[in-house]
Amino acid sequence: MYENARFLPSGDKSLIIEFGDSISPEINKKIRNMYLAIEKSGLEGILEMVPTYRSLLLSYNPVKIRYSELCSKLREWEENLGDTDSEPAKVVEIPTVYGGEYGADIKFVAQHNNLSMDEVIKIHSSRDYLIYMLGFTPGFPYLGGMSEKIETPRLKTPRTKIPGGSVGIAGKQTGIYPIDSPGGWQLIGRTPVKLYDPFGDPPVLLNAGDYVRFVPVDEKEYKSILKLVEEKKYKVNIALLDKE
């Protein structure tokens, strides 16, 4: 983590606030708190904010606020960010059916790590994962905190189509494909929950800075939840993060 954030111009109406040069919960906490500080400020001229692993991209209207004025405000807020979250993070529970036709690569993940498939499921679903950022496709969460016991390299040849809702592993990361798309992650399961719905309010379920908790379900429960999701009757369980 840098002692002081770096402010880097990005074009004529964007600014990158860079907090460090690695992927870490501490840097993410600074990003989250800066995001919340800007959001709460109501500063005129702010158009959009995009959190990443180690920075925050800020788009603004240079007619409404000058670059120098914006940097001055940001530096002032940075000095008062503190080391704790200014708002409690949410934990979004994601029901997931593991293995079989829903997770074609779970057997390979198990063999690669000298584990049984049940052990892979237990390890993968035993912790809360920090959402560092969203990207690749709308609503795709890059999750941190996966156990090294189930680390597995990407596929040598990516698939041309992965079903939306698929849960995968790539190296030290785990994530969820929100929509049908190409991809090279090892598939271990699938969720019936929609992470991205262009007609939803909001259209994206997850937010950077919050957490995901995978909850194992069997195929029967998966299909039951899927039916409720299709009928727009399913409500995702969301709790506040317990830091104790």
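Start by selecting E3 and E4, two antiparallel strands joined by five bridges (strands are DSSP runs of at least two residues marked E, helices of at least four marked H or I, numbered from the N terminus; two strands pair if DSSP finds at least two bridges between them). Within this pair, methionine 49 stands opposite leucine 58 of E4.

A word on what you are viewing: this is a predicted model, where local features need pLDDT of at least 70 and side-chain atom pairs count only at pLDDT 80 or more, while totals for chains, interfaces and linings use all residues. Residues are numbered from 1 along each chain as its sequence is written, and side-chain values use heavy atoms, without hydrogens and water.

Next, pick threonine 52, in the loop between E3 and E4. Its side chain makes a polar contact with that of serine 55 at 2.7 Å (N or O atoms within 3.5 Å, one able to donate a hydrogen and the other to accept it; residues adjacent in sequence count only if both atoms are side-chain atoms).

Finally, select helix H2, where Leu70, Cys71, Leu74, Trp77 and Glu78 are buried (under 20% relative accessible area, 1.4 Å probe, protein chains only). Look down the axis of H2: the buried residues fall within an arc of 125°, so they line one face of the helix (the arc uses directions from the helix axis to the C-beta atoms).

Technical notes: Buried < 20%, exposed > 50% of the residue type's maximum accessible area, 1.4 Å probe, protein only.
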